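Open the model in your viewer and keep the selection panel at hand. The stops below go from one chain to the other.

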Amino acid sequence: MRAPIRQWAGVRTIRKAAEETWWMELDAPGIAASAVPGQFLMAGFGLTQVGAPFLPRPFSIGWTDRSTGTVGLLIREFGGGTRRLARLRGGDQLLLLGPLGRSFQIPNGRPLVGIGGGVGLAPFLFLAAEARDSAAEVRLLYGERTADRVFDPALIAELTGVEPIVYTEDGSTGRHGLVLDGIDLSDDPVLLGCGPTPMLNALEKFARERGSDLQVSVEEHMGCGVGTCQGCVVRGADGSWLKSCTEGPVFDAGDLTWPI
Amino acid sequence: MADLTQAVFGVDWQSPVLLASGTCGYGEEYAELIPLDRLGGLVTKAVSLEPRQGNPPHRVAETPGGMINAIGLQNVGLSSFIRDKLPWLAANLSRARVLINVVGHTERDFVEVVSGLDDQPGFLGFEINVSCPNVKDGTLFGADPEALATLVAALRNETERPLVIKLTPNVPDIGLYARICEENGADGLSAINTFPGMLIDIDRRRPVIGNVSGGVSGPAILPMGVYLTWRARQATSLPIIGIGGIRSGDDALQYVLAGATLVQVGTALFVDPQVAIQVHQGIDAYCERNQVTLRQLVGALELPGDPA
């Protein structure tokens, strides 16, 4: 894995992708060149200001274009920090640190099912886009509570070449139900999950009961992103605390204590 | 380039800027992002006699102008530190100085860690953490004059290396504790550790931090750190390492004018790993502009009514 890069990056474009959800493309060639699906970056406003967000926020790298040096991020407004990120416009600058963390570990020759809840979709956009020019088969299952929060499927297809199977909890668009309902295990795929904790817990139970391989990308409050502050821990299978920034964010499900 | 060197704790320092304990791991984690050997030095994550698991999440959260943390001193413990962490510091840092932050539940814990490390290569001295607010009894030594006196005296018996005591701000008169450290043989003081605080998630009606409370750091505590450094300076002649909210050369210079010989940068590293070098450059620019050396600025604060 290459060393992370610290750089100021200009916002190229930002467009609304759903309710309170934005797709941002940044000019970050160094990060685009070396990032691998499942890795993340820290994005913040630097030290000349102390308003929220003061600490940088972790984001799954949602897509890269190495030829143009572009990195894409999926941003949902959760609080003051992400709201401010969502208000950025083309030409604004963000301080980035990345790529960081452990990526998805992709075995040769097996189909992959990316299972994303909410903005947990982001790493699978990157994964599917990367697989576009390879023989690897990637299927996307994507769940949201309601239709107004569903990331534009046309944009997903444009970025990745893959049509996601969309689930909403209220059935207001796509299929009615939970992403778990759509998992097809007939070709022995590797399951990859990212999303809210209840979804990951259900997914882990599903995979364990069926003996399927599962990797999950977890999210915990983060300080440094590089393993020094030990703030972002999750419980490992042996009971010890694992740092989601350096030992994750992608873990084999068997390496964690469940439910998380 | 101005003269930013210091001579303190028996050695020369190429820069007054150190990385603070708990924010730079054991050094290696930042090796690719920070030119560590151009700094004054770093203070390791706390080392305890036995490994510590630390607190449940959330361990960190943003606060206005800073952050709150309750890591719970998770660390690898003394033997693993000596085997796995110290060799990297010894092999990779030649100009930057290393202080090992030491923590314990009991006086005996502290003594065993210090004596266990004393013969090892790869570091200059100790920073004794008597002030972590995030573990049970963590402030016991730092806020108990008698316990602090016997602890410092006991540690003085164990080592001839520089012994720096990291003070808690959570006492009515920091000068009292500074004097106790001096009278019992300490070589210096670090001022200050974090302030205890709490954040509440009003939707869940629960504390945000898994440990319920935590220590508040970052720019929000800069004026308190400067004030307590100044108070400690008035109480003792021990060299002081100023800590708390530093994110620029100008911030660091406030500590220096208040009486600090060296400074530590902590939380700001999380926002921008380049900050430590920028703090050094900012101090340098000030000294150039004012045609002074750093040493001339230590404690050079002028108060209203001082003769001009």
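Select residues 5–100 of chain A, which form domain 1, and then residues 112–217, which form domain 2; domain bounds come from an automatic or database domain assignment. This is a predicted model, in which local features need pLDDT of at least 70 and side-chain atom pairs count only at pLDDT 80 or more, while totals for chains, interfaces and linings use all residues. Residues are numbered from 1 along each chain as its sequence is written, and chains are lettered from A and ligands numbered from 1 in the order in which they are written.

The C-alpha centres of the two domains of chain A lie 22 Å apart. Where they touch, 14 residues of domain 1 are in contact with 19 residues of domain 2 (contact: C-beta atoms, placed from the backbone, within 7 Å).

Next, show chain B beside chain A: 33 residues of chain B are in contact with 26 residues of chain A. Which element of chain B gives the most to this side? Helix 7 does, with 4 residues (helices are DSSP runs of H or I, at least four residues, and strands are runs of E, at least two, numbered from the N terminus).

Now select helix 2 (residues 107–117) and helix 3 (residues 145–158) of chain B, which pack at an angle of about 25° with axes 9 Å apart (axes are lines fitted to C-alpha atoms, for helices over the stretch in contact; angles run from 0 to 180 degrees between N-to-C directions). Helix 2 of chain B is therefore roughly parallel to helix 3 of chain B (angles under 35 degrees). Show side chains here: B:Phe110 and B:Val114 are among the residues of helix 2 that meet helix 3, where B:Leu151 and B:Leu155 are among the partners.

Definitions and conventions: Parallel < 35°, antiparallel > 145°, perpendicular 65-115°, else oblique. Contact = placed C-beta atoms within 7 Å.
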